[in-house]
Amino acid sequence: MPSYVSRPQRLPYSPKALLHLPYRLFNPPPAPCKTKTWQLSPDYKVELDDVLDNRHLSPMALKDFEEFLLFTEFSAENLYFLMWLKDYKRKYQDLGSSKTAAGDLAVLFSRALATFFDPNSNLALNLPADITSSIIAISKESSHPPPQVFDQVTLQVKGMLRDSLMRFVRLCFGNAGTNRSWFSAWLGISLVVLGLIPTIASIVTGASRWIRLAGFLLFWCGSAATIAATHGLCLILYSFGDARQLHPYELAAPRLPTTVLLGEPPEDEERKIAMTPSFSDHDSMSGLLTASFIAPPAYTEVASPAGGAFRFDFDALPPTPKSTTSETDPASSRDSLVSSSPTFGSITRVLNPLIRRSHWDVAIKSLILGLLFALVFSAVSIKPSLMDFLQALAFEEQTFRSHLRSCTLAELEAVEKLIREELADIPRNAAATIKGEPTFLETINIKARMNLVLKKQELVRQEWARRGYSNQCFYLCLLLMDFLNVLAFDETNFRLQLRSCSLSELDSVQKLISQQVAEAGRAGATSASTFTEWVNLTSRLALLEKKLDLVKEEWSRRGYTKDSSYFGEVALPFFAGLFGEIMKKN
């Protein structure tokens, strides 16, 4: 007769387990059968033969695998066939001249045909038609053929079982159901949001940046909890010991007598949350039967292989969904189970060292990644200027060289000018942002930025030299660029452009030229230190003065009189910009 699913012993939440958490984190279980991988989830190689021989502890014992196939995959016939074939091989090897043994073997084979190879059977194997036909043809020739005739069947069945085993192991590597994983993920996201509140408050109120460190612990815990939840691990459950949530079919199973003394809620109350309301207690229990010849997992630290004590029994096979389906309700009684364990469902102890190690791997990697995220966020939020130091570390010289080689002469000139301006901005920005003596981190950041800009400047000079330009001659041309622009100025073309302007556009042109005059004054205060630079500056002023004269002529041509003079339009803006920049420096 089949047996009911037995509910594992419930593990109560104990605050004392939290005190043991640091020891568990720094003393991980051994890592058996581990393969090298960089992914967050561990990659352990679990052999199908080890599971079939019951060499693993709960929750990867043979009984656990059978229940997974029965209530989750609905493909337990693959497991039952391999177990029948193992028993059939043993009896075939012991077969002698005894007619009784031959008769028993023939009965065993005929029942296997009716169970696994009959298309109308509830436990029929999902095999290609040619393989099934060959087995049926062999049955007509011999009442108990040798086990070798099932080699092709065994290959097909083991392939399907290995796929199921991969999903089973992946399920065992987590300690929480879907509902609990979602709860853990949303809890982690909420903690991250709470960790952002001090940063947001500091930005809005203008308070000290160090207040932002108040959210460091929340940001760390929230990030770690969210990362672990995406891999099926709830860090809260892990904090209370090596435990996992019970599966829905385990919650719906009758409680072991030894667990009544642990102060659990009444059985009907806990079983009710694992069942859908549309099924009665009798219907739900009829779908929670397993093969009685597979021993339940032992809640000890040592696994007990099935070995030679195993004996297959067709009468001990559980009813399948087809056999338990009523005519009025086509749904299977196993569908009465909820799809996932409740969020705060009962937990049980994990005995398998491989699963313990997988839980530790996910937990410790999640904590490390969460700590890295929290450190980076805190560093950026407290010292945004450290981004210059990070950019200096990430600078790739070869990439910058390749970009320079792709530039035209005008683009290369613009890059060099931009670098000179950036070099001049570094001390001004430091004086504006740093109050008092710079800190160690601020000093590192300023030096890193200065070295990065100087490195870029040197690479630009190397590119000029690679293209064959002399430094003295070329820089002289650069400094005299405005003087060359005066020589190339096309007065007739500028007149035509002014004539096509509307009144408002003509007024804007005049204002723009006045602004350029003021900018020339500021440029003279910062860069006009040599004779060549003063020639260049004088040429720029002459060009701007010429443009102003052409604008006034256009106003006169249109009948408008503009009361202006050289002093008001050229000299005054120029000296205002010049002395303004000098006063700003002092």
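Biologist: Of the 586 residues of the protein chain, what percentage count as buried?

Modeller: This is a predicted model. In the protein chain, 41% of the 586 residues count as buried. The chain has 25 helices and 4 strands. Among contacts with a separation of 6 or more, 82% join residues 24 or more positions apart.

Biologist: Why is H4 called roughly perpendicular to H8?

Modeller: Helix H4, residues 62-73, packs on helix H8, residues 151-172, at an angle of about 100°. Roughly perpendicular covers 65 to 115 degrees. The angle falls in that range, so H4 is roughly perpendicular to H8. The axes are 11 Å apart.

Biologist: Which residues make that contact?

Modeller: H4 supplies Asp64, Phe65, Phe68, Leu69 and Glu73. H8 supplies Leu161, Ser164, Leu165, Arg167, Phe168 and Leu171. By class, the contact of H4 with H8 has 7 nonpolar, 1 polar and 3 charged residues.

Biologist: What makes H4 largely enclosed by the rest of the structure?

Modeller: Buried means under 20% relative accessible area. In H4, 10 of the 12 residues are buried, so the helix is largely enclosed by the rest of the structure. The buried residues are Leu62, Lys63, Asp64, Phe65, Glu66, Glu67, Phe68, Leu69, Leu70 and Phe71.

Biologist: What follows H4, and what is its phi?

Modeller: Phenylalanine 74 follows H4, with a positive phi near 55°. Phenylalanine 74 is not a glycine. It is found in the loop between H4 and helix H5, residues 76-93.

Biologist: Why is phenylalanine 74 called partly exposed?

Modeller: Its relative accessible area is 40%. Buried is under 20% and exposed is over 50%. The value lies in between, so phenylalanine 74 is partly exposed.

Biologist: Where does asparagine 54 lie, and is it buried or exposed?

Modeller: Asparagine 54 lies in the loop between H3 and H4. Its relative accessible area is 13%. That is under 20%, so asparagine 54 is buried. Its phi is positive, about 60°, although asparagine 54 is not a glycine.

Biologist: Is the peptide bond from serine 58 to proline 59 cis or trans?

Modeller: It is cis, with omega near 15°. Proline 59 is found in the loop between helix H3, residues 48-52, and H4.

Biologist: What makes serine 184 buried?

Modeller: Serine 184 has a relative accessible area of 4%. The cut-off is 20%, so serine 184 is buried. It lies in helix H9. Leaving out residues up to four places away in sequence, serine 184 touches Ala225, Ala229, Leu233, Cys234 and Leu235.

Biologist: How many disulfides does the structure hold?

Modeller: The structure holds 0 disulfides. A disulfide needs two cysteine sulfur atoms within 2.5 Å.

Biologist: Why do cysteine 234 and cysteine 501 count as buried?

Modeller: Cysteine 234 has a relative accessible area of 0%. Cysteine 501 is at 18%. Buried means under 20%, so cysteine 234 is buried, and cysteine 501 counts as buried.

Biologist: Last one. How do you know that arginine 24 is buried?

Modeller: Its relative accessible area is 9%. That is under 20%, so arginine 24 is buried. Its place is in helix H2, residues 21-26.

Biologist: Which residues does arginine 24 touch, not counting residues up to four places away in sequence?

Modeller: Arginine 24 touches Tyr238, Ser239, Gly241, Asp242 and Trp360. Arginine 24 and serine 239 are 215 residues apart along the chain, yet their C-alpha atoms are separated by 9.3 Å.

Conventions
Residues numbered from 1 in each chain as written. Predicted model: local features only at pLDDT ≥ 70, side-chain atom pairs only at ≥ 80, totals over all residues. Heavy atoms only, no water. Axes fitted to C-alpha atoms, helices over the stretch in contact; angles between N-to-C directions. Helix = DSSP H or I, 4+ residues; strand = E, 2+ residues; numbered from the N terminus. Parallel < 35°, antiparallel > 145°, perpendicular 65-115°, else oblique. Contact = heavy atoms within 4.5 Å. Nonpolar A, V, L, I, M, F, W, Y, C, P; charged D, E, K, R; others polar. Buried < 20%, exposed > 50% of the residue type's maximum accessible area, 1.4 Å probe, protein only.
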